[in-house]
There are 2 protein chains.
Amino acid sequence: MLSTYSKEDILGLPLHYRRNLINCLSGFKSACLMGTIDREKRTNLALVSSVIHIGANPALMGVLMRPHVVERHSIENVAATGHFTLNHITEEIYRQGHQSSARYPKEQSEFDMVGLTPAFGDIHPAPYVAESPIKIGLQIKERIKIQTNATQMFVGEIVELILPEQAIGQDGFLDLQQTGSLTVSGLDSYHTTERLTRLSYAKPNQTLQDLPLKE
Amino acid sequence: MLSTYSKEDILGLPLHYRRNLINCLSGFKSACLMGTIDREKRTNLALVSSVIHIGANPALMGVLMRPHVVERHSIENVAATGHFTLNHITEEIYRQGHQSSARYPKEQSEFDMVGLTPAFGDIHPAPYVAESPIKIGLQIKERIKIQTNATQMFVGEIVELILPEQAIGQDGFLDLQQTGSLTVSGLDSYHTTERLTRLSYAKPNQTLQDLPLKE
């Protein structure tokens with residue numbers, strides 16, 4: 001049975017119900033942990049699901065930040081050091097990752113509280129999650145305010161990338177199923193994935209081909 | 001074997017290889033079709049994967065738009081009519097959805113060219129994809145320029161929502177696995193999902209619980 005909701009219907013839903021429903025509408029999402037550090041070298045970890053690809057040249061990614069307690073520490077740390085990391089979540093660490101969204105005081109690092117290991121590269125100060133197969137180090141380029149609800153989009157340029165080489169195909173495609181990266185829906189539902197296929201570049205009046213996974 | 005890439009390493013990769021690799025880094029993505037219409041009532045359909053949740057009160061979603069040919073028609077139509085739709089892609093329609101990313105001239109509607117059916121509601125003029133189980137109608141609220149690479153983020157408020165009622169749980173959680181919504185990785189890899197679990201709201205010093213799917 002199909003239900004239709006108007007804007008007024010949506011605004012009339014109970015708060016918790018509406019939060020769950022609306023958070024599901026954007027579809028399956030990236031499941032990442034964002035690592036930051038403050039000037040006193042205290043590390044911080046935040047669960048983020050609103051991560052998007054912004055461009056490949058230069059290599060840019062965006063993260064939507066909410067003005068909540070948990071993300072406020074991350075926002076302050078990026079302002080202080082100019083860097084953050086994004087680390088893919090796998091089946092082995094998703095419970096720790098989810099637990100990192102609890103509201104720990106600034107004095108307690110989420111790394112310690114949930115049992116994940118900070119790891120550092122040579123290029124920037126922000127901590128990676130050692131247990132994550134895909135580690136991305138970014139330098140902040142823009143903080144863009146969304147006027148309608150006082151959230152902000154962090155735009156970062158990738159300055160370091162640590163990856164399992166065997167998961168990269170000859171055409172540069174990175175197999176996120178092989179690395180075990182999860183996807184999240186809504187606020188709390190974690191999923192593995194099963195590939196249907198890769199499809200060829202679409203052109204008018206040309207039939208799509210299934211691409212081989214490893215060329 | 002782990003490989004580390006610096007910013008210079010990334011910029012030195014061949015163009016096609018870099019596009020594939022960097023497009024995969026943001027993790028699993030939403031797979032949606034964006035429906036628009038121009039003042040002459042010509043419909044347009046565009047494949048979008050950079051869709052994010054922005055807020056639940058008001059209900060806001062964001063879509064990153066690139067200044068490419070395909071997305072330019074959508075951008076022009078939203079400017080003309082103020083509305084667009086987002087429609088989840090399923091296994092039944094992902095090939096048509098992918099084909100809609102081909103560069104058709106403005107005179108040809110992607111709906112006709114790929115074999116999908118436009119459907120209209122009463123609240124706004126933008127076309128839905130009849131075959132999609134989750135149809136979201138949005139009014140444009142902000143167009144935010146990303147200076148670093150001349151893309152823009154469209155922020156829309158949900159003004160209409162058409163959903164299968166049986167996929168919504170008692171707490172508002174919408175089961176995207178039940179609706180058959182797919183996820184995409186990189187530019188061209190389509191995936192179904194398999195739920196691990198839903199996890200309870202995280203609090204310090206409290207063990208996470210697995211939530212029942214239907215409460």
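1. Helix α2 of chain A is largely enclosed by the rest of the structure, because eight of its eleven residues are buried. The buried set runs through A:Tyr17, A:Arg18, A:Asn20, A:Leu21, A:Ile22, A:Asn23, A:Cys24 and A:Leu25. Just after this helix, A:Gly27 adopts a positive phi of about 90°. As with everything that follows, this is read from a predicted model.

2. Within that helix, which spans residues 15–25, A:Asn23 deserves a separate remark. A:Asn23 has a relative accessible area of 6%, and therefore counts as buried, the cut-off being under 20%. Apart from its neighbours within four places in sequence, A:Asn23 is in contact with A:Lys29, A:Gly186 and A:Leu187, and also with B:His53 from the other chain.

3. A:Ile10, in helix α1 (residues 7–11) of chain A, is likewise buried, at 2% relative accessibility. Leaving aside neighbours within four places in sequence, A:Ile10 is in contact with A:Tyr5, A:Arg18 and A:Ile22 in its own chain, and with B:Ala59, B:Ile158 and B:Leu161 in chain B. The C-alpha atoms of A:Ile10 and A:Leu21 are 9.5 Å apart, the two residues being eleven apart in sequence.

4. Strand β3 of chain A (residues 32–37) is mostly covered, with six of its six residues buried.

5. Two neighbouring strands pair with β3(A). Strand β4 of chain A (residues 43–48) pairs with β3(A) in the antiparallel sense over six bridges, and in this pairing A:Leu33 stands opposite A:Leu47. The hairpin that these two strands make has five residues between the strands, and there A:Lys41 takes a positive phi near 65°. Strand β7 of chain A (residues 83–88) also pairs with β3(A) in the antiparallel sense, over four bridges, with A:Met34 opposite A:Leu86.

6. A:Asn77 belongs to helix α3 (residues 69–81) of chain A, and counts as buried at 2% relative accessibility. Beyond its neighbours within four places in sequence, the residues in contact with A:Asn77 include A:Thr36 and A:Ile37, as well as A:Asp38, A:Arg42 and A:Lys106.

7. Turning to the interface, 108 residues of chain B are in contact with 108 residues of chain A. The two chains bury about 9600 Å² between them, 60% of it on carbon and sulfur atoms. On the chain B side, B:Leu25, B:Phe28 and B:His53 lose the most area to chain A, together 8% of what that side buries.

8. How many salt bridges are there between chain B and chain A? The count is six, alongside 58 residue pairs in polar contact, both residues of each pair being at pLDDT 80 or more. By class, the side of chain B that touches chain A has 50 nonpolar, 37 polar and 21 charged residues.

9. A:Arg198 forms a salt bridge with B:Asp188, the closest N and O atoms being 2.8 Å apart.

10. B:Asp210 forms a salt bridge with A:Arg95, with closest N and O atoms 2.5 Å apart. This pair crosses between chains, from strand β14 (residues 210–211) of chain B to helix α4 (residues 94–99) of chain A. B:Asp210 is partly exposed at 43% relative accessibility, and A:Arg95 is partly exposed at 30%. B:Arg95 forms a salt bridge with A:Asp210, where the closest N and O atoms are again 2.5 Å apart.

11. Within chain B, B:Lys106 forms a salt bridge with B:Glu76, the closest N and O atoms being 3.7 Å apart. Since B:Lys106 lies in the loop between α4 and α5 of chain B and B:Glu76 in helix α3 of chain B, the pair ties together parts that are 30 residues apart in sequence. Both residues take part in a network of salt bridges that links B:Asp38, B:Glu40, B:Arg42, B:Arg72, B:Glu76 and B:Lys106. Over all chains, a search of the whole structure finds 21 salt bridges.

Notes:
Residues are numbered from 1 along each chain as its sequence is written. Chains are lettered from A and ligands numbered from 1 in the order in which they are written. This is a predicted model: local features need pLDDT of at least 70, side-chain atom pairs count only at pLDDT 80 or more; totals for chains, interfaces and linings use all residues. Side-chain values use heavy atoms; hydrogens and water are left out. Contact means heavy atoms within 4.5 Å. Buried area is the accessible area (1.4 Å probe) that two parts lose on being put together, summed over both. A salt bridge is a side-chain nitrogen of Lys or Arg within 4 Å of a carboxyl oxygen of Asp or Glu. A polar contact is a pair of N or O atoms within 3.5 Å; within protein, one must be able to donate a hydrogen and the other to accept it, and residues adjacent in sequence count only if both atoms are side-chain atoms. Ala, Val, Leu, Ile, Met, Phe, Trp, Tyr, Cys and Pro count as nonpolar, Asp, Glu, Lys and Arg as charged, and the others, Gly among them, as polar. Buried means under 20% relative accessible area, exposed over 50%, partly exposed in between (1.4 Å probe, protein chains only). Two strands pair if DSSP finds at least two bridges between them.
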